[in-house]
Amino acid sequence: MTTESERALLEAARRGDEAAFGRLVGPYRTELHAHCYRMLGSVQDAEDALQETLLRAWRGLRGFEGRSSLRSWLYKIATNACLKAIERRPKRVLPIDYAPASDPHDGPAEPVTESVWLEPYPDERLGLEGGLLGPDARYEQREGVELAFIAALQHLPARQRAVLILRDVLGYSARETAEALDATPVSVDSALQRAHKAVNERLPKQSQQATLRAVGDDALSEVVEHYVDAWERNDVDAVVAMLTDDATMTMPPLPSWYRGREAVAVFLRGVPLGGAKRWRLIPARANGQLAFGKYIWDEERHAFVPHGVNVLTLRGAQIEEITAFLTPDAFRQFGLADALHT
């Protein structure tokens, strides 16, 4: 149900007060954006869906009767805006789901520039907190944006994806979810069972949140320090020493990716860490995981310029996956400097 302050803002907004509408929906913008990202796998697509949600809410204020909470009403609009968006475009994936592993001796393939790639989510800039959103939720907020979770969601049919997010991330009941999707609780429960089966087959045994807590702050600081130092010294051996035996490296929008410590080492030695390039790395956080803004030296500008965002997936204190997002749009989402001068 709406609160007294929300009712006052609602009445003012219904009279055309845009400032009142902004204050009314403002507290929900961040979580709605995260919800749209979970549905769509893209920060920009999420922003577009959020704007569509707010426009629909503004136009539909007179139809909001207050039988549900304002938050639930906004989530219903956002979910349906995302479902419409999904109808118009392909699902977002990572290279590991796009093509087989590459031979590192062949060099990377040409980038695929269509909107098919999952994008990183700058959780700290967007104010994403930890913990559960509701008592019935199965996933913490940051677990709900981890790369493995978002990638698994994209393989679900759109309505199953919506059901799982509403139930397991937001903690909605079957009845509330059914109301949001104009479905029945029975159909919601059935869709959730199918979604659980599909997602559980793709998720690792332990979330990154659990891994980060188990590793501890001091060890994580060492991982960050060693990773930055290894890249900035072009030290292939030091990077490889941090990897698990079956580590993978992906680099969207390049479809090429490499599996296994030795394959990753061959690629690193032959291309990014061959000694011809200079790097600077700035620690960040993406998808609730360790991440880095990566810069490359530009001789003409005499500065380090943006190259991409590296997101690490850990197994214990070792690196299981390096996901290097090489698109300028991905980098700009993190609010990092446009250039680093030395």
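This is a predicted model: local features need pLDDT of at least 70, side-chain atom pairs count only at pLDDT 80 or more; totals for chains, interfaces and linings use all residues.
In soluble globular proteins, nonpolar side chains tend to be buried together.

Leaving aside residues up to four places away in sequence, Tyr121 touches Thr30, His33, Ala34, Tyr37, Val43, Leu126, Leu128, Val145, Arg285, Ala286, Asn287 and Phe334.

Attention may now turn to helix H8. Its buried residues are Ala174, Thr177, Ala178, Ala180 and Leu181. These residues lie on the same side of H8 because they cover an arc of only 160 degrees around the axis. The packing partners of the buried residues of H8 are H5, helix H7 (158-169) and helix H9 (185-202). Just after H8, Asp182 adopts a positive phi of about 55 degrees.

H8 also takes part in a pocket. The second largest pocket has a volume of about 420 Å³. Its lining comprises 17 residues, and those closest to the centre are Arg67, Ser68, Ser72, Trp73 and Glu179. Two or more lining residues come from each of helix H5 (70-87) and helix H8 (174-181), and H8 gives the most, with 4 residues. By class, this lining divides into 5 nonpolar, 6 polar and 6 charged residues.

The largest pocket remains to be described. It holds about 600 Å³ of space. The residues that line the largest pocket number 28, and Ala148, Arg202, Pro204, Glu320 and Glu321 are the closest to its centre. Both helices and strands contribute: helix H6 (147-153), helix H10 (208-215), strand S1 (243-251), strand S5 (303-315) and strand S6 (318-325) each supply at least two residues of the lining. H6 provides the largest share, 4 residues. The lining of the largest pocket is made up of 8 nonpolar, 11 polar and 9 charged residues.

Conventions
Residues are numbered from 1 along each chain as its sequence is written. Side-chain values use heavy atoms; hydrogens and water are left out. On a 1 Å grid over the protein atoms alone, a cavity is a set of points where a 1.4 Å probe fits but cannot get out, and a pocket is an open set with protein on both sides within 12 Å along at least five of seven lines; lining residues have an atom within 4 Å of a point. Grid points are joined across faces, edges and corners, and a volume is the space filled by probe spheres set on the points. Ala, Val, Leu, Ile, Met, Phe, Trp, Tyr, Cys and Pro count as nonpolar, Asp, Glu, Lys and Arg as charged, and the others, Gly among them, as polar. Contact means heavy atoms within 4.5 Å. Buried means under 20% relative accessible area, exposed over 50%, partly exposed in between (1.4 Å probe, protein chains only). The arc is that of the directions from the helix axis to the C-beta atoms.
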